[in-house]
Amino acid sequence: MSTIVTVQGAHGTVSLTYPCPDNALLAQYVAGAIATGIGNSTIIPADSVHSPSPPSLAAGKIGEFVQLGTPIGVVGIPKGYNYLVDAAPSASFSDNNPNAGQEVLVGAGNLNFIATGGSGSVIGGGGNDQIIIPATSPNSWFISLCDGNDTIKALGSGNDTINLGAGNDSILLGVGSSAVTTGGAATITASTGSETVTGLDTNVIYGAGSRLTFSGTGGATVYGGTGSDTVTGGNGPDYFRGGSAGNNILRAGGGAATLFGGGNGDQLFANGSGAQILYAGSGNETLTGSSVSNAPDTIVAGSGAATIVASPAANNLFEFISGLGGGSELVTGLSSPTQVDIHLSGYGGSEEANALFTQINAGGATTLNLSDGTSVTFQNVSTLTAGNFT
């Protein structure tokens with residue numbers, strides 16, 4: 001159910017529609033501040049009917065500009081207009097106001113906003129919005145959009161927070177002509193829908209119920225939520241957790257990374273030479289480290305059935321945690337017991353001896369069975385000794 005938020009302007013009020021309750025509350029708070037400011041003459045209001053472009057303000061004054069109809073071209077927002085209210089079906093603005101604490105409200109219309117100036121908040125009501133923070137901007141923005149199909153390009157060096165609704169959204173983070181020196185930290189929360197995110201610097205992404213596609217070049221933290229996600233890391237450090245719907249594809253980059261399977265049918269890939277950890281989780285999953293060389297990789301068993309494609313050239317550590325296992329693991333890609341290093345965490349003191357005593361050697365493979373029901377088979381490894389345990 002949508003909420004109508006009434007905002008005071010220069011010649012009456014305008015109504016903005018917000019189908020997202022959180023955005024409606026934020027918009028109501030800003031609308032209250034505008035009404036109070038106009039009432040006590042600390043905010044000077046103007047609108048597009050009486051002035052197609054915001055008139056200049058005296059030094060030190062704060063203004064509000066209300067866009068009532070679709071403008072011709074891009075409307076420039078000059079210094080001092082800390083409150084922009086977009087009630088038009090579609091409108092484009094270039095923010096030339098250098099002030100901090102700006103508030104931009106848009107209802108069901110389509111907003112195109114270029115944040116060339118200061119910093120503040122953009123609160124959307126469900127239109128198909130495009131928000132651009134140029135690479136030259138050092139400022140931080142809070143962007144909360146609703147259920148439209150939105151495009152966000154947060155290319156500046158500020159630390160931005162982005163909340164998205166149920167639409168199919170595209171987010172580009174810190175990738176511009178000066179990408180090496182720009183791109184601040186961003187926190188992104190997505191709802192249902194489909195989200196495509198490209199990131200440069202340290203980003204935190206919450207996938208919620210969406211199908212998330214993320215590609216990073218720096219470090220990133222991605223929480224997949226309940227969707228199915230495709231996540232590719234960069235130089236790290238990366239922390240990726242797949243969505244609980246399963247069928248996630250999580251690829252580490254060249255740096256340090258920790259990857260968690262989120263459901264059934266996940267595929268986790270180690271890469272590069274950085275220290276990486278792959279957690280199998282509860283589903284039937286495939287963990288691949290065959291492309292890794294001389295990397296200290298750790299494979300952590302889960303409660304499902306996992307196939308592990310290990311690299312004979314890597315320093316593979318196979319970790320089993322009491323209470324978190326119970327599944328069956330098949331390890332392929334190895335050819336010698338010297339390539340196997342096992343760590344048992346949380347088990348009793350006799351667990352290693354019992355596992356070695358009961359190991360099954362058949363067909364050139366070795367199977368170990370642990371007390372919590374975990375079973376692991378190492379193909380092409382004929383036998384294991386105490387030297388394979390850390």
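The largest cavity of this predicted model has a volume of about 40 Å³. Here a cavity is a set of points on a 1 Å grid over the protein atoms alone where a 1.4 Å probe fits but cannot get out. Grid points are joined across faces, edges and corners, and a volume is the space filled by probe spheres set on the points. The count comes to one cavity of 30 Å³ or more. Its lining includes Ala-270, Thr-288, Asp-297, Ile-308 and Asn-316; lining residues have an atom within 4 Å of a point. Strand 28 (297–300) and strand 29 (305–309) are the elements that give two or more residues to this lining. Strands (E, at least two residues) and helices (H or I, at least four) are DSSP runs, numbered from the N terminus.

Residues are numbered from 1 along each chain as its sequence is written. Local features need pLDDT of at least 70, side-chain atom pairs count only at pLDDT 80 or more, totals for chains, interfaces and linings use all residues, and side-chain values use heavy atoms, with hydrogens and water left out.

The largest pocket is an open set with protein on both sides within 12 Å along at least five of seven lines. Its 13 lining residues include Asp-22, Asn-23, Leu-145, Asn-163 and Leu-164, which lie nearest its centre. Helix 1 (21–39) and strand 12 (141–144) each give two or more residues to the lining. Helix 1 gives the most, with three.

Strand 1 (residues 3–9) and strand 2 (residues 12–18) pair in the antiparallel sense over seven bridges; pairing takes at least two DSSP bridges. Two residues separate them in a hairpin. Val-5 stands opposite Leu-16 in strand 2.

The structure holds six aromatic pairs. Rings of Phe, Tyr and Trp (its six-membered ring) pair if their centres lie within 6.5 Å; planes under 30 degrees apart count as stacked, over 60 as edge-to-face and the rest as tilted. Tyr-223 and Tyr-239 have ring centres 5.9 Å apart and planes at 50°, so this pair is tilted.

Mean pLDDT (the predictor's confidence in each residue, from 0 to 100) is 89, and 93% of residues reach 70 or more. Over residues 175–183 it is below 50.

Key. Contact = heavy atoms within 4.5 Å.
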